[in-house]
Amino acid sequence: MGDPIAIGAFLAFLLGTYVVGSWIEHRHYRTIRQREQRWRRLPVVTFRQVPAGWRVEDSGLVTGNVVISVDYFKRVLAGLRALVGGPVKSYELLLDRARREALLRLKQEAMQGGFHAVINVRLETSRLANARGGEGVAGVEVLAFGTGLKLSQPPA
Amino acid sequence: MSFDPSLPRDGVNVSRTHPLREAALLIAIVAAAGALCVVVIATAVDWLVPKLPPGLEARLFASAWPAAVGRDADDAEEATRAAAAQQVLQRLARHWSDNPYALRLGVMREDQPNAFALPGGSVVLTSGLLERVESENELAFVLGHELGHFHHRDHLRGLGRGLAFALVMAGLGAGGAAADVAALGGQLAQRGFDRDQERAADRFALELLAAEYGHVAGVTQFFGRLPAPDGAVEEALTGYLATHPLHEQRVEALQALAEQRGWPTTGALRPVAE
C-alpha cells in the first residue's frame with residue numbers, strides 16, 4: 001500500500017464501513033430501547049433462589065441468543081489497538097448491543113412460553129472464528145439463559 | 001416481593017470517544033511508529049553499508065544478474081545500442097577515479113523508460129529507455145546517475161532498508177490493515193530517503209557529464225521527453241509520495257548546480273551510435 005490510489009481506497013472503504021456500520025448500529029439501538037421499554041414489566045433477575053413469597057406453578061429453561069458481526073471499520077480499529085494497547089473502544093458498543101439484544105430475546109421467549117419471570121439469568125459469550133482459520137473475528141455470540149417461572153400470582 | 005422495573009442505562013460500559021477520532025489517532029500513531037522504525041533502520045543501514053567492501057559485494061551478488069535481462073539475439077539494432085551504451089558507461093567510469101566495481105550493462109525488454117543499479121556493479125537499462133534517448137549525452141546522464149548510485153552504495157541501502165523493514169513487520173506479526181497502516185508510514189519515510197539518494201545521484205551524474213564532455217547540455221531536454229515518474233495523475237495528486245523527485249525539481253536543482261560550478265549548459269550533442 002504505497003500509492004495514493006491504494007491509500008485513498010483504504011480510507012474511503014474505512015469511512016464507508018463506518019457510515020454504514022454506525023447507521024445499522026443506530027437503528028439497532030432504537031429497536032433495543034423500544035423493546036426494553038415495552039417489556040420492562042417482565043422481571044429478569046440474577047437471583048439463584050425463588051424470591052420469598054412467589055408461588056411457583058411451573059418452571060423451564062429460557063434462552064436468548066444473538067450473533068453480531070464486526071464491521072471492517074471496527075476490526076481495523078481493533079487491529080490497530082492490538083499493536084498499541086489500551087481499551088478496544090470500538091468493540092464496546094458491539095458487545096453492549098449483543099448483551100442487550102440477547103436479554104431481549106430471552107424475555108421474548110419467556111413471554112411466548114407463558115412465564116411470568118426469569119431468575120438465575122446468566123450471560124455466556126463466545127467468539128466465532130473466521131472461516132479463514134481463526135484470523136480476525138467473524139462475529140461474537142452472546143447467549144442469555146435462565147429459569148423461567150410460572151407463578152400463581154404474577155408480580156405486579 | 002415487589003418488582004420495580006428500570007431500564008438499562010447507556011452508562012459506563014461504552015466509551016464516549018468518537019470512533020472517527022479514535023481511528024484518526026490510532027492510524028497516526030501506528031503510521032508514525034512505522035516511519036520511526038524505517039528511520040532507525042535506515043540509520044543503521046547507512047552506518048553498515050560503507051563497511052561492506054565492494055569486492056565482497058561483487059562476490060555475494062555475482063549471480064544476481066536478473067533472468068529478465070538478456071540480449072535479444074534477433075534484434076541487431078538493440079544489440080548495437082547496448083554495445084554503444086556499454087562503451088559510454090566505461091568512458092564515464094574513467095572519471096570516477098576509485099571505482100571498485102567491474103561494471104556490466106544489460107538491457108531489459110520493457111517499454112517504460114527506466115534504469116537500475118543492481119548490487120555487484122550491474123547497470124540495467126530498459127529497451128524503452130534506449131529507444132527514447134536522442135543523444136549520447138542523454139544516455140550518459142542516465143548511466144552517470146546509476147554510477148552515482150554505486151558511488152553512494154544506494155543499491156545496498158535500499159535493499160537493506162527493505163529487508164530490515166520486512167523482517168520487523170514479520171516479527172511483529174502484524175497482519176491485515178494494521179500492518180498496512182504501519183507499512184504506509186514506513187514507506188512515506190522511505191520515500192524521503194529515496195529522493196535524497198536520487199538527488200545525490202543526479203549531482204554525481206552531472207559531474208561525470210561535465211568531465212567527459214566539457215558541458216552538461218542535453219539533460220533538461222531529456223526530462224521533458226520522459227513520462228512522469230509514477231504516472232501523471234499520481235504525481236499531480238501528491239509529489240511527496242513519488243520515489244523520485246519531480247522532473248521540474250530535478251531540472252531546477254541540476255541547472256542550479258551547473259551554474260554554481262560554471263559548467264556550460266549548451267554545447268554540441270553527440271549522436272547515439274546506431
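Which residue is the bridge partner of Leu105(B) in β3(B)? The bridge partner is Val123(B). This is a predicted model, where local features need pLDDT of at least 70, side-chain atom pairs count only at pLDDT 80 or more, and totals for chains, interfaces and linings use all residues. Residues are numbered from 1 along each chain as its sequence is written, and chains are lettered from A and ligands numbered from 1 in the order in which they are written.

Now the sheet. In chain B, three strands form an open sheet in the order β1-β3-β2, with mixed pairing. β1 (104-108) and β2 (115-118) of chain B are at the edges with a single partner strand each, so one side of each has no neighbour in the sheet. Strands here are DSSP runs of E, at least two residues, and helices are runs of H or I, at least four, numbered from the N terminus. Two strands pair if DSSP finds at least two bridges between them.

β1(B) and β3(B), residues 122-126, pair in the parallel sense over five bridges. β2(B) and β3(B) run antiparallel, joined by four bridges. Ala117(B) stands opposite Val123(B). The hairpin of β2(B) and β3(B) has three residues between the strands, and Gly120(B) takes a positive phi near 100° there.

Next, burial, meaning 20 or more other C-beta atoms within 10 Å of a residue's own, with C-beta atoms placed from the backbone. In β3(B), five of five residues are buried. Ser122(B), Val124(B) and Thr126(B) lie on one side, Val123(B) and Leu125(B) on the other, and both faces are covered. In general, side chains in a regular strand alternate between the two faces of the sheet.

Methods:
Buried ≥ 20, exposed ≤ 12 C-beta atoms within 10 Å, placed from the backbone.
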